[in-house]
Amino acid sequence: MSPTTHQTTTAEVLSVRDLTVEFPDERGRVQAVRGVSWSLREGEVLGVVGESGCGKSATALAVMGLLPPGARMGGSVRFRDRELAGLGDRGMSSVRGRSVAMVFQDPLSSLNPVYSVGFQVAEAVRAHHPGTSRDDAVERAVHLLELVGIPNARDRVGDYPHEFSGGMRQRVVIAIAMANDPDVIIADEPTTALDVTIQAQVLDALRTARAETGAAAVLITHDLGVVAGQADRVVVMYAGKVVESGTADEVFYRPRMPYTLGLLGSLPRLDGRFGARLTPIAGTPPALDRPIPGCAFAPRCPLARERCLTEEPELREVDGHLTACHFAEELVDKRPEDVFVPVVAPVALTAERPVRTEGPLLRATGLVKHYPVRGGGFFRRQVAELHAVCDVSFSLSAGETLGLVGESGSGKSTIAKLLMSLEEPTAGRVELDGAAVRGRKHARDLQIVFQDPMGSLDPRMTAADLVAEPLRINGLAKQDARTRALELLASVGLGRGRSERYPHEFSGGQRQRIGIARALALRPRVLILDEPVSALDVSVQADVINLLEDLQDALGLSYLFIAHDLSVVRHIADRVAVLYLGRVVEVGERDAVFDHPSHPYTQALISAVPLPDPRKERVRERILLSGDVPSPVDPPSGCRFRTRCPRFLGALTDAERSLCVEEVPGLVERGQGHPVACHFGGPR
Amino acid sequence: MLAYVLRRLLHTIPIILVGSFITFVMVSASGDPLGDLLAKQPPVSPAILAAERHRLRLDLPLLEQYWRWLTGIFRGDWGPSVTRVDIGHEIWPRLLVSVRLVVLAVLLALLLALVVGVISAVRQYSWVDYLFTSAGFLLLSMPAFWLAILLKQQAIDVNEATGSTLFYTVGDASIPPPTGFWPTVSDIAGHIVLPTIVLALTTFAPWSRFVRSSMVEVQQSDYVRLARAKGLPRRTVLVRHALRTALIPLTTVVAMDLAVLFSGAVITETVFQWRGMGSFLLSAVRDKDIYAVMAWLLLVSVIVVLFNLVADLLYAVLDRRIRLG
């Protein structure tokens, strides 16, 4: 996608004017979209960004006429010269897929499980070309699947969705979107559910789709990095409204709306500014069940004044692009930290245990975990083994944060379970302070915070009870446990007033705070953080990251930070271990690994992470890995990465390749300054 | 597939063996088949009693009784009956009569459940939905015997009012049966109407609720949304994408309910005085006729097991994610 400067002379393909969407709610009606206008020109990519609940998806569904029953829509949607609003379902059927096509977020559920992928692509072709014969439609499906990069498309048209990986399924959905040469493709969070290297592949497929059909695109995402690299123009949404709109460069480099600036400031960066404190936006987006008199962002905005609470700001032009802020001029040359002062969390707890020890605090040696794969017969015989974790060793010192990075299937979460003794390792040992960790003996010292804050909190217990529970289990009297629980809740920023509420009454970030308070209850020395912020919105995520940093400083905690988001890991970790298919491929000091990655996988992983910086994104060279992660049931011999390794598939000689096939590369220092498990590791 | 079917059938053998043994023991313990004979006035001579006891194998240990019953089955010997009829000779025609009723009722119930369930789901929270919902719950809570008696009475009233036999309310066929093929068919069809309605109505109600909820769920699914985003007409999406997937779990429910249907048929058959499996079981229980009860249980359990297998196979055909093995 080549971002170019656009003149207003280019024709509009799709435009939305004063769009409103209302959903019925148990308390009345929710105004999900409150008057949105934007237009899309021929061949351009419009990025729509905003956090969950800002109305991005509702706008897209309204354009497609796919709002759920009960939803009310107002305003106008024009495709070229045709008004789409009020067209009715039959009329919209002829528009959908042919004029405007859509790609949805979750590729695992977007395809019907009972039809082959070929049928589902062919069906899209025949929907608008009823005269096409079944065979011709399948032929076209094969062609489309080849275009989006499905290997052996001809042999695979008859396969069913469950036989494809998530990334491959999203390609199928993109092929469906391309089927009728649409003029507009709307992609709603097309890569959000995918791993970062797969995301790069899917974005590439989307680019192919645009090149092939010449379609303009609306790219809806919460990921500013994805937008920076793909979009010509950007629309920022907040609470059902457009709050800023302009070219990608203007919005990213000269934001004139405090919300946009705040979003950029709360984003951990893979490039520059790491180590610096994130500047989260205080509070949470407003509920939209009643009219908001002034600016919807005012309650969270450090610049807000009287006028902001009473008078709603209109979109107006400031410095060459549109913004909805009364005081936009004040943002000239301001950095996020100039406007958003990071609130220091009120950590009242002190380290009540000796924290400094000689040598590593937590040590894992040669961890192996195999799961039996059983047949369906009468005796459920074991037919194979799933190699989840294979010979993983690492250590963690007191007060240190070790980042464990990897994509799905890399064994991250299995390692967390092994450390917590929630699973028995097949081989290897875990030691805390030199003593083997087994069963519940070390439960006090090792605690865990899970990814899904809602799923890990009992919905029928109050916040105070949730935090007090581990204390009660360990024999603390009821009143003492309660006192301590309130103290812990206060230290994670949940004051007394909220301790008697139930999990559903809290926001996602607050729930994660309860999870952290609970993990801290027993005064552990090591916290295992298993994707603690990946379910959270960016502004909230920054808040939780800051809290974790403060707690570490105050209590001298050690963190094992498990994440797939490299930017977050770069921000928080002291050392980093990169996992691929159950093995550590590279480990070292944070900056050494990120600035001088020596394993081809680490290099590909880092290059795949989109940066929230349009200029850098445009010139970046991405290493696109081929294919999917192999099955851990039958991992490749020798180096597990070789089936996707650009070096193995490229520059290596046959003799060198046979080494990769035959010999497992050990995780040793090979002159790169830190251990790398590659026979031919080195700079790109 | 064939290997799977064979393995599944193999699995059912121990289940039926254990099940039949337990029921055999329980039925034997539930009363003395000679009770009526013993209570007779004037008393029956001990010689006759002993002979009868020997004929009914009551002089043998329980295990041996069971063993002889079990091995007898394979020779076509269903065991001695208290009433001195040949159980094998008696039960097959009755099975045919009952299966006729159950199959027809299931087909009718399925059709009704689909129509009502789909309309309710598509027009969710409309008056049609509320109407079907109320009717469904009314039928759900209505005992089969009550509905059957009510319907029968109505039919008799109609017959009396019109002075001709519009509805047959007694028996599964006329006695003596009419001669010729078409008269026989129409006679059987005439007799089957009322019991089928009773059985279908009581069966379809829960199924329609099931179809409704699974259709509502599927309609909100991402793949139905994608199908609409392709530009497919609403009706195509509804039938091809929504209904097709919503039907899959119904196969299990229907197969499971077949067992219930057989017991439901007992009541319906009794009300309409059919000579089916229902009255067979009732008189067998009344007479404490161990081997007749066992014959009924064996047949019904084999049917249940078979239909469960059929449901699992259908499931795998309908949903390719399910792998048999």
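Q: What makes two strands count as paired, and why are strand S3 (residues 45-49) and S9(A) of chain A in this predicted model called a pair?
A: Two strands pair if DSSP finds at least two bridges between them. Within S9(A), A:Val235 stands opposite A:Val48.

Q: How do you know that S9(A) also pairs with strand S10 (residues 241-247) of chain A?
A: Six bridges link S9(A) and S10 in the antiparallel sense, and because at least two are required, the pair qualifies.

Q: Why is strand S9 (residues 233-238) of chain A described as largely enclosed by the rest of the structure?
A: A residue is called buried if 20 or more other C-beta atoms lie within 10 Å of its own, and six of the six residues of S9 are buried, so the strand is largely enclosed. This holds for both directions in which the residues point: A:Arg233, A:Val235 and A:Met237 go one way, A:Val234, A:Val236 and A:Tyr238 go the other way, and all are buried.

Q: What makes A:Ala485 a contact of A:Val467, and which other residues does A:Val467 touch?
A: A contact requires C-beta atoms, placed from the backbone, within 7 Å. Leaving out residues up to four places away in sequence, A:Val467 touches A:Ala485, A:Leu488, A:Leu489, A:Ile514, A:Ala517, A:Arg518 and A:Ala521. A:Val467 is also one of the residues that touch the most other members of the largest nonpolar core, which has 274 residues. Helix H8 (residues 181-219) of chain B gives the largest share of this core, twelve residues.

Q: How do you know that domain 1 and domain 2 of chain B touch?
A: Chain B is divided into domain 1 (17-74) and domain 2 (92-318), and although 37 Å separate their centres, taken over C-alpha atoms, eleven residues of domain 1 are in contact with nine residues of domain 2. Helix H1 (residues 2-29) of chain B gives the largest share of the domain 1 side, six residues.

Q: What makes up the side of chain B that touches chain A?
A: The contact takes 23 residues from chain B and 29 residues from chain A. On the chain B side, H9(B) provides the largest share, seven residues, and the classes are seven nonpolar, six polar and ten charged residues.

How values were computed. Residues are numbered from 1 along each chain as its sequence is written. Chains are lettered from A and ligands numbered from 1 in the order in which they are written. This is a predicted model: local features need pLDDT of at least 70, side-chain atom pairs count only at pLDDT 80 or more; totals for chains, interfaces and linings use all residues. A nonpolar core is a set of buried Ala, Val, Leu, Ile, Met, Phe, Trp, Tyr and Cys residues joined through C-beta atoms within 7 Å. A residue is buried if 20 or more other C-beta atoms lie within 10 Å of its own, exposed if 12 or fewer, and partly exposed in between; C-beta atoms are placed from the backbone. Helices (H or I, at least four residues) and strands (E, at least two) are DSSP runs, numbered from the N terminus. Two residues are in contact if their C-beta atoms, placed from the backbone, lie within 7 Å. Domain bounds come from an automatic or database domain assignment. Ala, Val, Leu, Ile, Met, Phe, Trp, Tyr, Cys and Pro count as nonpolar, Asp, Glu, Lys and Arg as charged, and the others, Gly among them, as polar.
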